[in-house]
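Hi there,

Here is the structure I promised to pass along. My notes on what turned up in it follow below.

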Amino acid sequence: MNDHPKPLASAEPATGATPRARAALLKRLADVVCLPASRINAFERSMTADLLVEMLRDAVTAEREKVARRLANLAEMPGVLVRLLLRDELPVARALLEHSPNLSDADLISCLYNAGHEHRRLIAQRRGVSEVVADALVDMGETVVIEILLKNDLARFSHQGLENIVAASRDNPQLIPLLLKRPELRPSHAYVMFWWSDAEARRTILQRFAVSREILQDAVGDVFPMASAEGWQDPLSRKALQFIERRQRNRAAIAKSPYDSLEAAVAAAQDGMNRETAEEIAYLSGLKPMTGAKIFTDPGGEPLAILCKATGLPRAAVRALWRGLRRPETDASGAPTEALDRVLTVFDTVAVDRAQTVLRYWNWSLSSAMTPALLKAIREGDEAAVDEYSVPQRAAMLALSRDLRR
């Protein structure tokens with residue numbers, strides 16, 4: 001009783017047959033799917049979409065692409081149809097990814113997880129990429145896609161997503177200049193990234209994020225005597241006030257130190273930095289040992305300038321520490337080396353209060369404020385064994401002593 005011919009095994013028409021009927025049918029079915037709600041109900045649209053999907057599974061690429069282009073402006077595309085087309089070959093998926101503004105986050109995430117690299121590139125270029133889609137793209141770990149995403153001014157990043165990119169920038173330095181242009185980048189991110197940035201990026205970080213704490217100091221000025229009257233017993237307020245206060249040096253450390261002052265410790269280090277002297281300088285400067293170790297072992301040297309400026313040391317202290325670390329001071333012509341000149345320029349151009357902000361962010365980010373992703377990135381940049389980091393102070397001193405062993 002069924003007079004219809006059996007379907008062909010191949011998507012291509014049989015010899016001598018014309019594809020006009022197929023082309024016309026695909027077009028009409030797509031037209032029906034695109035009808036407004038006033039002319040077709042949801043069940044009819046769904047039934048037509050199911051039929052269209054069955055035809056598209058065996059249609060040739062050019063036919064599928066035509067249908068995708070026809071549907072690109074549809075406000076509500078049936079889910080089964082959009083999933084099929086988004087996972088299709090690039091020419092087909094491109095028609096939707098480049099021209100359809102109405103794809104849902106769920107559609108895009110399904111596509112990026114189940115399609116190819118080029119599909120993800122197109123998703124990263126879309127206008128208004130949401131936080132959840134951006135996070136999923138970042139999780140795929142494709143540097144080229146992340147670069148495209150960072151260049152997309154209309155893409156939005158969550159705090160965690162941006163943090164994951166900051167961590168990835170340790171091994172992909174080309175991401176750093178792009179990250180520094182993003183308005184979502186926070187000081188805590190920038191000052192962790194500082195440790196593996198080049199000189200130009202470091203200059204940008206210091207210019208953009210070395211902010212004054214004057215507003216905070218004015219706002220909480222009366223809280224300091226309150227906390228002092230309570231004996232600084234509340235750890236939460238103590239930690240916050242330590243970040244805000246104007247004083248950088250640890251005055252209480254002088255009584256326990258073998259040196260009469262921070263200046264005396266720096267003078268002693270000038271003849272050759274050792275583990276004990278480095279630890280004392282960090283202690284007297286109000287820094288944790290890990291922070292001090294990162295500063296003294298940093299190959300660029302800019303952190304030395306920040307340390308000296310923040311603690312009120314003179315310009316000569318930068319040279320003293322440079323000499324104590326046995327770094328070359330002059331080139332063959334007798335002029336200051338490019339590295340030393342760059343570090344001295346940092347000292348000359350950054351204000352004391354702003355240098356203190358930087359130093360305190362470092363001290364903060366290398367301790368309790370450090371999240372797992374960023375901590376992992378920092379640790380992987382050090383030579384110390386991972387197990388040693390269970391005791392941060394010991395790890396810092398081990399890293400420092402290795403670097404100073406010459």
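**The pocket and the helix packing**

Helix 16 (235–244), helix 17 (251–254) and helix 24 (352–365) each supply at least two residues of the lining of the largest pocket. Before going further, please keep in mind that this is a predicted model, in which local features need pLDDT of at least 70 and side-chain atom pairs count only at pLDDT 80 or more, while totals for chains, interfaces and linings use all residues. Residues are numbered from 1 along each chain as its sequence is written, and side-chain values use heavy atoms, with hydrogens and water left out.

A word on terms: helices (H or I, at least four residues) and strands (E, at least two) are DSSP runs numbered from the N terminus. A pocket is found on a 1 Å grid over the protein atoms alone, as an open set of points where a 1.4 Å probe fits, with protein on both sides within 12 Å along at least five of seven lines; lining residues have an atom within 4 Å of a point.

The volume of the largest pocket is about 800 Å³ (the space filled by probe spheres set on the points, which are joined across faces, edges and corners). There are 27 lining residues, and Arg238, Gln242, Phe243, Glu245 and Gly286 are the closest to the centre. Helix 16 gives the most to this lining, with eight residues. By class, the lining has twelve nonpolar, seven polar and eight charged residues (Ala, Val, Leu, Ile, Met, Phe, Trp, Tyr, Cys and Pro count as nonpolar, Asp, Glu, Lys and Arg as charged, and the others, Gly among them, as polar).

Now for the packing. Helix 21 (residues 302–310) and helix 23 have axes that come within 8 Å and cross at roughly 30 degrees (axes are lines fitted to C-alpha atoms over the stretch in contact, and angles run from 0 to 180 degrees between N-to-C directions). Helix 21 is therefore roughly parallel to helix 23 (angles under 35 degrees count as such). On the helix 21 side the contact is made by Glu302, Ala305, Ile306, Cys308 and Lys309, and on the helix 23 side by Arg342, Val343, Val346, Phe347 and Asp348 (contact means heavy atoms within 4.5 Å). Six of these residues are nonpolar, none polar and four charged.

Helix 23 also meets helix 22: their axes come within 10 Å and cross at roughly 145 degrees. Arg315, Val318, Arg319 and Trp322 of helix 22 touch Ala339, Leu340, Val343, Leu344, Phe347 and Asp348 of helix 23. That contact divides into seven nonpolar, no polar and three charged residues.

In the loop between helix 22 (315–324) and helix 23 (338–349) you will find Arg326. Its phi is near 60 degrees, a positive value in a residue other than glycine.

Best wishes

How values were computed: Parallel < 35°, antiparallel > 145°, perpendicular 65-115°, else oblique.
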